[in-house]
Amino acid sequence: MAIGENFEKYLMYAMPMLQSAAELSAHTSSANDEMIEYTNLLRNDILEAYSRIFQGFKNSPKTQLLIPYAPQSFSLFVDLIYMEKDM
């Protein structure tokens, strides 16, 4: 967040990594309380990372760089969290 729109050069690496982490959190087993706790912490960290990236690009002409990642990454992840019963 501190580097703002200069995060652009890391965007093509960070967004797929966040998407992979989100997919991992969707496929974790909720067999025990420790795994549920881990999954919830992972999801919280993913949301925090998305939030910081979006805030860094706030009021920047480069916000359109985030558009390709919005539907597949962020929207699907939010839907996953919304549908989760073990929160």
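**Core.** I started with the largest nonpolar core of this predicted model, and 16 residues turned up in it. A nonpolar core here is a set of buried Ala, Val, Leu, Ile, Met, Phe, Trp, Tyr and Cys residues joined through side-chain atoms within 4.5 Å. Buried means under 20% relative accessible area, exposed over 50%, and partly exposed in between (1.4 Å probe, protein chains only). Leu 11, Met 15, Ile 46 and Ile 53 have the most contacts inside this core. H1, H2 and helix H3 (70–83) each supply at least two of its residues, and H1 gives the largest share, six residues. Helices are DSSP runs (H or I, at least four residues), numbered from the N terminus.

**Ile 46.** I then listed what Ile 46 touches: Leu 18, Ala 21, Ala 22 and Phe 77, not counting residues up to four places away in sequence. Contact means heavy atoms within 4.5 Å.

**Ser 25.** Next I checked Ser 25, which sits in helix H1 (residues 8–26). Ser 25 counts as buried because its relative accessibility is 0%. Leaving aside neighbours within four places in sequence, I find Ser 25 in contact with Thr 39, Leu 42, Arg 43, Phe 77 and Leu 80.

**His 27.** I looked up His 27 in the loop between H1 and H2. With 67% relative accessibility, His 27 counts as exposed.

**Aromatic pairs.** My search of the whole structure gave two. Rings of Phe, Tyr and Trp (its six-membered ring) pair if their centres lie within 6.5 Å; planes under 30 degrees apart count as stacked, over 60 as edge-to-face and the rest as tilted. Phe 7 and Tyr 10 make a tilted pair, 5.7 Å centre to centre with 45 degrees between the planes. Tyr 10 is partly exposed at 40% relative accessibility. Tyr 50 and Phe 54 have ring centres 6.1 Å apart and planes at 20 degrees, so I noted that pair as stacked. Tyr 50 and Phe 54 are four residues apart in helix H2, so about one helical turn separates them. Tyr 50 is buried at 0% relative accessible area, whereas Phe 54 is partly exposed at 29%.

**Tyr 38.** Last, I put Tyr 38 in helix H2 (residues 33–56) and noted it as partly exposed, at 43% relative accessibility.

**Bookkeeping.** Residues are numbered from 1 along each chain as its sequence is written, and side-chain values use heavy atoms, with hydrogens and water left out. Local features need pLDDT of at least 70 and side-chain atom pairs count only at pLDDT 80 or more, while totals for chains, interfaces and linings use all residues.
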